[in-house]
Amino acid sequence: MDIPFIDLKTQYKRLQAEIRSHIDKVFEHGQFIMGPEVFELERRLAEFAGVKRAVTCSSGTDALLMTLMAQNVGRGDAVFTSPFTFFATAEVISLLGATPVFVDIDSRTFNISPIELEKKIDLVKKDNNLKPACVIPVDLFGLPADYDNINSVAKDNGLFVLEDAAQSFGAEYKGRKTGSLGDAAALSFFPAKPLGCYGDGGAVLTDDGDLAGELESIRVHGQSGGKYSNRRIGLNARLDTIQAAALLPKLEIFPDELIERRRVADSYSNGLEGYVETPLVPDQYQSAWAQYSIMSDSRNQIRAALKAGGVPTAVYYPAPLHLQQAFSGLGHKKGDFPISESIAGKIFSLPMSPYLTGDQQDKIIHIIKRSVE
Ligand SMILES: *Cc1c(COP(=O)(O)O)cnc(C)c1O
């Protein structure tokens, strides 16, 4: 039998009774929009990450968008981010009329380089066309970016730090949880993320009560208290109560699943060391292991051998964002971000889930070793 790339079925079997009884309660009380489960989830998420407030919303993309809206990011603003990320990270910047300014990544962590960030901010300042407003570090594959250095560069330059924690909820950086590492953080509950629901969902985490209040307004059409009084332009971006109900029991077992994800990652690394480039987790970092991604110049050969053995793989991401047609208006060309481009050419991800068995992993490791020997 084929090994699933992401195993949601085994988790469902484990939690079936709890998930069903939580969702049944929603059918009974009938508050499908902003029901009590939404607020309970927000309390639990904030508590988990060690922040004051969580504001749930309809997706990780909307979590990013709403936070930039609350910061009044728009035309003339430069928002710095990684070109090696999912499209949504930069899409929301352009959607608001602001300009994504890409910054190349660190070759070992795949996350935005604080040194390159500082250089890029200086260039934008010298150019005098755009106002540096915000930086969106991405915690790629579940590994936190280098927040001490990013926050210090951001502080020196008056930038708001929006952590894209869509892949990293549950990870840690120097004893602190992701979601608490910048001024605000965007989470995604897309089903394949480490903490996923059964549809789209997301949240913003922050210690800033005023920001949380603004986000609560934005997610309901910019409402100000009364139903038919609107203080600003907003969105319809609420999390469904049914999704919150499904997330509550999943959050209960999430710490246990994170331990299992680490077990899976460690045994991949032990088995594959010396055959491919295995992922680095720097000292005092913990990854949430959204993906286990390796690099090899023999990528096509290894992927073909795995596919023939019933093992799916995926490439995150085959092209950095500066080379996407949608961003061609920014005027970038091949060679502008050499580290991102080089990594895009040799990276790929293996099946990852807390429920991957030792036997399944042995099989995967065996196929990879044999195909590069
Ligand atoms: C998944 C993801 C998003 C978007 O989340 P959605 O819930 O799918 O909208 C944003 N950024 C990164 C890095 C992601 O992986």
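## A three-stranded sheet

Let's start with an open sheet of three strands, in the order β7-β6-β12 and with antiparallel pairing. (Strands are DSSP runs of E at least two residues long, numbered from the N terminus; two of them pair if DSSP finds at least two bridges between them.) β7 (176-177) and β12 (285-286) are at the edges with a single partner strand each, so one side of each has no neighbour in the sheet.

Strand β6 (residues 172-173) runs antiparallel to β12, and two bridges join them. Look for Tyr 173, whose bridge partner in β12 is Tyr 285.

## What you're looking at

This is a predicted model, where local features need pLDDT of at least 70 and side-chain atom pairs count only at pLDDT 80 or more, while totals for chains, interfaces and linings use all residues. Residues are numbered from 1 along each chain as its sequence is written, and side-chain values use heavy atoms, leaving out hydrogens and water.

## Around the ligand

Now for the ligand. It has 13 residues around it, and the closest are Thr 61, Asp 164, Gln 167, Ser 188 and Lys 193 (a residue counts if one of its heavy atoms lies within 4 Å). By class, that shell holds three nonpolar, eight polar and two charged residues; Asp, Glu, Lys and Arg count as charged, Ala, Val, Leu, Ile, Met, Phe, Trp, Tyr, Cys and Pro as nonpolar, and the others, Gly among them, as polar.

Thr 61 has a polar side-chain atom 2.5 Å from an oxygen atom of the ligand. For Asp 164, an N or O atom in the side chain is 2.8 Å from a ligand nitrogen atom. (A polar contact is a pair of N or O atoms within 3.5 Å.)

Note on methods: Polar contact = N/O pair within 3.5 Å; in protein donor to acceptor, adjacent residues only side chain to side chain. Helix = DSSP H or I, 4+ residues; strand = E, 2+ residues; numbered from the N terminus.
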